[in-house]
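Please read these notes with the model open.

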Amino acid sequence: MDQSVKDALARWPDVPAVYGWLSLDARGRWRLHPQGLSAQGGPGESITNSQILAFINRNYEHDEAGRWYFQNGPQRVYLRLDAAPYVLRLDDEAGALLTHTDAAVEAVTGWRLDDAGRLYAMTPLGAGVVLDRDLPALLEKLVTGDGAPLLEALDELAPGGAIQVAWPGAYPAAPLAPVAQADVARELGFDPDPRPPAA
C-alpha cells in the first residue's frame, strides 16, 4: 500500500466505505460503474489511464471477511469480482504465474476446476482464476503426481475427488478438485459482491 494512502488513513480514519463503483472482470480489467450500480451486473466502463491502474493495483487489499477493495486514500472502495480476486496469466520469462496486478505467484497450494471450464489457483496472495487465453498453454504444462500430462487425467476427476497436480520447475504438487461454479467464491474464501451493511 502506498505511503500516501497510509498517511491519509491515519489522518482520516473514519471515512465511510463505498460500494458499487468498481469491478474486476474475468480478464483482469478494472471497470468503473459511474452510477454506483455494479451490483446490477453491468460491464461498467474500462479504466485505461496507466497511472490510475497502477495506483489501484498497488492499493488492492482484502478484509477479514474476504471482501476485496481498492484503498483510495482514506476511503475503501469495495468491488465486485466477476471471477476471482486475482486474474492469473503466464509469465513466460519467469516460468510461473503473474497476477493482473503484476505480482509474482510464488506458490500454489491448491487448484479448482469449475463446471464452466475455469481453472482457479489458491495462492498466498489470494484466489486467482487463470486467464482464459492462457488456460490451454497452462494445461499443457501441468502434470499429475505421477508425471502424466494433466490433460490425459482430467477424465479421472470425479465429484468429491482430487488429483495431485504440479507444474514442474514452478509449483510442486497440490490437489486439483472439481467445484461447481456457484460454489467457487465460498470454497475459495472471497465475497464476489460486497454490499453495504443494513442500516
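**Notes on salt bridges and core**

1. R29 and D25 join through their side chains in a salt bridge, with N to O at 2.6 Å. The term means a side-chain nitrogen of Lys or Arg within 4 Å of a carboxyl oxygen of Asp or Glu. R29 is partly exposed at 39% relative accessibility, while D25 is buried at 9%. Buried stands for under 20% relative accessible area, exposed for over 50%, and partly exposed for what lies in between (1.4 Å probe, protein chains only).

2. This is a predicted model, in which local features need pLDDT of at least 70 and side-chain atom pairs count only at pLDDT 80 or more, while totals for chains, interfaces and linings use all residues. Residues are numbered from 1 along each chain as its sequence is written, and side-chain values use heavy atoms, without hydrogens and water.

3. The structure has 8 salt bridges in total. Another of them pairs D63 with R67 at 2.7 Å, N to O; D63 is buried, with 5% relative accessibility.

4. D102 and R89 also form a salt bridge, their closest N and O atoms lying 2.5 Å apart. D102 sits in the loop between strand 8 (96-99) and strand 9 (110-114) and R89 in strand 7 (residues 86-91), so the pair ties together parts 13 residues apart in sequence. Strands here are DSSP runs (E, at least two residues), numbered from the N terminus. D102 is exposed at 51%; R89 is partly exposed at 28%.

5. The largest nonpolar core comprises 48 residues, and L138 is among those with the most contacts inside it. Such a core is a set of buried Ala, Val, Leu, Ile, Met, Phe, Trp, Tyr and Cys residues joined through side-chain atoms within 4.5 Å. Neighbours within four places in sequence aside, L138 contacts L90, L97, W111, L119, V130 and W167, contact being heavy atoms within 4.5 Å.

Conventions:
Helices (H or I, at least four residues) and strands (E, at least two) are DSSP runs, numbered from the N terminus.
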